[in-house]
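This report describes selected helix packing and strand pairing in the structure shown below.

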Amino acid sequence: MLKPEVLQELIQVLGKENVFTEKEDLITYAYDATAAMKRVLPDVVITPASTEQVAEVVKIADKYDTPIYPRGSGTNLSGGTIPLKNGIVMSMLNMNKIIEVDAENLTAWVQPGVIIQDLNDAAMEFGLFYPPDPGTVTTATMGGSVSESSGGLRGLKYGVTKHYVMGMKLVRANGDVIKWGGKTVKNVSGYDMTALFTGAEGTLGIITEILVKLLPTPEAKKSILGVFHDIDKAGNAISAIIRNKVIPATLEIMDNMTIRTVENFAHAGLPVDAEAILLCEVDGYKEAVEREAALVEKILADEGATEVKLAKDDHERDVIWTARRNALPALAQMKPTTVLEDATVPRSKIPDMLKAIRKVATKYNLTIGTFGHAGDGNLHPTILTDVRDKEEMVRVEKAVDEIFDVAISLGGTLSGEHGIGMAKAKYLPLEFGEAGVNMLKDIKQAMDPKNILNPGKMVRRD
């Protein structure tokens, strides 16, 4: 239980209107978007509005050894914001100001509660855009995205969140406020602390302001859909596109299960008998886009696509990408529980990974649809199940174990964009070995000796 002194001091700092203790208020913060995770009620939810308030709250948490969990919209898929030890959930949604868009330096300063799409809308007025493009772009916050180092559809050409974070202001576990990085293109002073805190999942400090890089909006875009009746040919086409020096902004894949489900859900005209489809978009200067789109069409046909379709206008382009963004919602409506995983392999290993996922589905008698970012090898095997079926959930856990074993054996990684959180902490030794995990624990111990910042996530010391 929260000590009365903690609650009293929180109210003094934030005002009673920003401190919530009623069960009806707390229950929303007992879980996030991760399926099959236990729900834990926090003792209190708070909504600070400034770095200064965050610092004062952290000092209170440090003083009373009270765990504190920073949280954005809760769209993460790794159990990263569940308050395992009760304590304080710090909602950053009131810190939602776009402080500055600097067109001359191609940067923006934002608070962590800013919705990613809102930043893009603001940047668009200057002919700029923020490239990281997670599927939850209209709801996910910048703070959560930076903390998870989220990816998205444009990762192949433009990279992921960590490639765009140039600096930040944050609060340490003792309440100190520190600013790292800046607008200079070159900055190699000291350790790269901005990189350390990006993807740290709130376990090392609480981010209160973020400086990100922006890019000029591409002049033109073209989208192409390729239909395959052989998964190996689809995989070969992915490699062939890159081998021919075309780096698409987006290169996505959907397997047959996902195609059929999305078509039933969105009626986008997808070929339901296809083994796989590739969705590709090239962008840049108009002349280059025309040339690259024509080359992609030829490559897809040469590599065995039974149909290649170039979107002739913005409407057809929107239909293609709406279908892709509907992959998860479509699959999610099939069964009560959706376990969306994040296995990432070298792109040349995508056919092997897809075949392995199918074998796992058959072995454990599970329904699995797979889609993802084919260009960067980031696949999302999505298990459709029901958390109330205890026996099936045991099979789901075994299937997930096997999927990650295969991903690592193929030279892949545990996460391309979803983070580690609670869901994948047990797998870290597979990728880093015990010595590597111990080093992560040493960093956590040094930065947060009392283990009050988002405890139980990534590297567990409890």
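## Packing of helix 8 on helix 13

Axes are lines fitted to C-alpha atoms, for helices over the stretch in contact, and the angles between N-to-C directions run from 0 to 180 degrees. In this predicted model, helix 8 packs against helix 13 (residues 350-363) at an angle of about 150 degrees, and their axes lie 8 Å apart. Because angles over 145 degrees count as roughly antiparallel, helix 8 is roughly antiparallel to helix 13.

The crossing of these two helices is right-handed. Helix 8 contributes Ile231, Asp232, Gly235 and Ile238 to the contact, while helix 13 contributes Ile350, Pro351, Leu354 and Lys355. By class, five of the contact residues are nonpolar, one is polar and two are charged.

## Packing of helix 8 on helix 10

Helix 8 (residues 231-243) also meets helix 10 (residues 286-302); the two axes come within 9 Å and cross at roughly 145 degrees. This crossing, too, is right-handed. Ala237, Ala240 and Ile241 of helix 8 make the contact with Val296, Ile299 and Leu300 of helix 10. The contact has six nonpolar residues, with no polar and no charged ones.

Four strands form an open sheet in the order 1-2-4-3, with mixed pairing. Strand 1 (19-20) and strand 3 (68-71) stand at the edges; each has a single partner strand, so one side of each is left without a neighbour in the sheet.

Strand 3 pairs with strand 4 (residues 88-91) in the parallel sense over four bridges. Within strand 4, Met90 is the bridge partner of Pro70.

How values were computed:
Residues are numbered from 1 along each chain as its sequence is written. This is a predicted model: local features need pLDDT of at least 70, side-chain atom pairs count only at pLDDT 80 or more; totals for chains, interfaces and linings use all residues. Side-chain values use heavy atoms; hydrogens and water are left out. A crossing is left-handed if the near helix is turned anticlockwise from the far one by less than a right angle, and right-handed if clockwise. Contact means heavy atoms within 4.5 Å. Ala, Val, Leu, Ile, Met, Phe, Trp, Tyr, Cys and Pro count as nonpolar, Asp, Glu, Lys and Arg as charged, and the others, Gly among them, as polar. Two strands pair if DSSP finds at least two bridges between them. Angles under 35 degrees count as roughly parallel, over 145 as roughly antiparallel, 65 to 115 as roughly perpendicular and the rest as oblique.
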